[in-house]
Each structure stands twice: as structure tokens, then as C-alpha cells.
Amino acid sequence: MTRFLLPLAIFSVLVVFLGVGLTLNPRQVPSPLVDKPAPVFQLHHLHDPDKTLMSQDNLGKVWLLNVWASWCVACRDEHPLLVQLAKAKIVPIYGLNYKDQRDTAIQWLKQYGDPYTISIVDADGRVGIDYGVYGVPETYIIDKQGIIRYKHIGPVTVKSLEDKILPLIKELQG
Amino acid sequence: MYKFEVAANSFILQNRIDHYSTFIKQLIAVLFVALVPLISFANEAVPVAEDPVLEKRLINLSENLRCLVCQNESLAGSRADFANDLRREMREQMKANKSDEEIIDFLVARYGDFVLYNPPFKTTTLLLWFGPLILFLGATIGLFIYLRRRRTQLEDFPLSESQRLEAEALINKTNKE
């Protein structure tokens, strides 16, 4: 009996390992930046290029940094949800317009609604690299101390908002 | 009259020679134009990069780094916009005299160990490093035990005297043939 049980046990362990592996999403790369201070930036506003926003300006409040671009198809998916979230005034959303054209970006916001407290421009993607952005959209939750608490990769969904993002914001806002 | 004819003939001849020489000139020009690409291709290929040594170093380093967008490609091989940006960043850091380790640290700080094709040795990667070795050792031990058990099983059934004689007779018979 044992001569069948042992290979079966080994086989079962392998199946469990492979099964877990199949459920993982290779696109979800854990960010080493979570629980680290958000990289410092100073970027120009999208609508008013003379003004700049510094990341330290947001110290003392919980905020979302949403990386988006008008050329990004998945950003269209999450956009209505962001507009709703902005209307609910739960948390300020800052838009990081990533490697985009200013006029098409502004046009895009005009067309689909503008959920952003302020949109800032990362034309060459340098701040994106600092934040470990490798695809758009990505959304960061940054706490009052300026520490990244969560990174959401891909479009924000109702489920991710309810399960993770909103509870975490509530907790961080205290 | 005669004079006129000579003059006219020489005029015509001259005209023809002119015609002919312009034709030759045009032919040469056409041939030349047709051959220009060949001539220019004959030049040695000039490297596109301004600093070939640095580019070589960049390729060597980025071959061991994963492109996060197209995850089965290296940063060196990827044509993704993202990979371009990272290569640009690496190029600039190399120009700023950063060492390879510093550049890798810079990337790991932002994208995690995932950018490395060669995973670091950590408690979380122990299974990754030793998994194959454990499997190999397990299989070897299993095989060893199996072979030993089989040998003892064979020894458990010695031939009887009549069987031994029969076998010997068979061997002798085949040897003769």
C-alpha cells in the first residue's frame, strides 16, 4: 500500500503547487515600494503648465495617485468609476498623465469627465520609473505621512474598490 | 555651292558628334546614378550608437533583466516603449559613472526582484534554488531503494538443481550454434 501512497503524496503536493501557480496573475508584480515613502516629484499641472505640484504638498492627507494616459484603452474602463469616486468626495484623486500629449489628454478629460483634483504631467515617464510604473493604469494609495500603502495594477474595479481600496482609505484616514 | 555643301556636311557631322557625345555623357550619368547605391553600400557600416563600448555594456547588463511589460523578454531584446525608457535611464546612469550594481539596485528598488532573471538567494527563494536539487536527490534515493529491493527479491528465488541444469544445457546449445 505504501508504495502507492508515497508517489501519490508527492504527486498531490506537485499538483497543489502547480494549481496555486495557475491562479497567480503574472502581471501582478508585487511592488517593493509598498510601505516605503512615495518618491518625491515636482511636476507641472496638465491644465496650467505654469503651476507645479510637489509630492510633499499632499502630506497630511490620504490621497490616490492614478497613472493614466489618453492612449491607454484600459484607462477608459476604470474612468467612469473614478469619476463616481471623485463625486463621492471620499478621497482626492491626483492624475499622473503618463507619456501623453497635453492637448489629447485635456480633450480626453473633457470628453469622459475629469475626476482629478489636479492632473500632473509626466511626459517622458521619469517619475513613472521612480514609482515603478510599468503599465497604465496603476493606482497608488498614499497615506498622511507620504508612505505608499497600496498599489493597484490595472483598471480599478468595483470589487477592488470595495474589497481593498475603500477599507484601506477609511483605515488610513482614521 | 561645294563650299556650302562641305560646310553643311561638317555642320551636320558636328551636330551628330555633339548628339552622340551628349548621348554618351547621359549614358555615363545614368550608369553612375545606377551604381551609386552600390558604391555607397561598399562603405563600412558605421555603428549607430555614439558610444559603442557603453552600448555593449548596456546590452550585456540588460540581457539579464526582465522587461515587465513583455515578461518573457529581456530588457535588451524588448521593443516595448517601457523597455526603451528603462534602457534610456540605464544609459544615462552609465554616463553618470554608476556601476552595474548601482544600476541593478536602482531597478530592484522600483520593480522588485522580479526584474532580475537571476533570482537572489533569500528565504523566499530557497525552494526555487533547492527545489530541483531536492527532486533530484529524492529521485536518486528512490531509485537506489528500488534497485536494492529488486536485487534482494531476485536473490530470494534461487534456481533449483534441475532448473540450473536445464539453463546450462540451453546455454551450451546456443554457444554451439
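Visitor: How do the residues of the lining of the largest cavity divide into nonpolar, polar and charged?

Guide: The lining has six nonpolar, two polar and two charged residues. Ala, Val, Leu, Ile, Met, Phe, Trp, Tyr, Cys and Pro count as nonpolar, Asp, Glu, Lys and Arg as charged, and the others, Gly among them, as polar. This is a predicted model: local features need pLDDT of at least 70, side-chain atom pairs count only at pLDDT 80 or more, and totals for chains, interfaces and linings use all residues. Residues are numbered from 1 along each chain as its sequence is written, chains are lettered from A in the order in which they are written, and side-chain values use heavy atoms, without hydrogens and water.

Visitor: What makes B:Asp85 and A:Lys99 a salt bridge?

Guide: Their closest N and O atoms are 2.4 Å apart. A salt bridge needs a side-chain nitrogen of Lys or Arg within 4 Å of a carboxyl oxygen of Asp or Glu, so the pair qualifies. Between chain A and chain B the count is five salt bridges.

Visitor: How many residues of each chain are in contact?

Guide: 17 residues of chain A are in contact (heavy atoms within 4.5 Å) with 18 residues of chain B.

Visitor: What is the buried area between chain A and chain B?

Guide: About 1500 Å², with carbon and sulfur atoms giving 51%; buried area is the accessible area (1.4 Å probe) that two parts lose on being put together, summed over both. On the chain A side, A:Arg126, A:Ile129 and A:Tyr134 lose the most area to chain B, together 36% of what that side buries.
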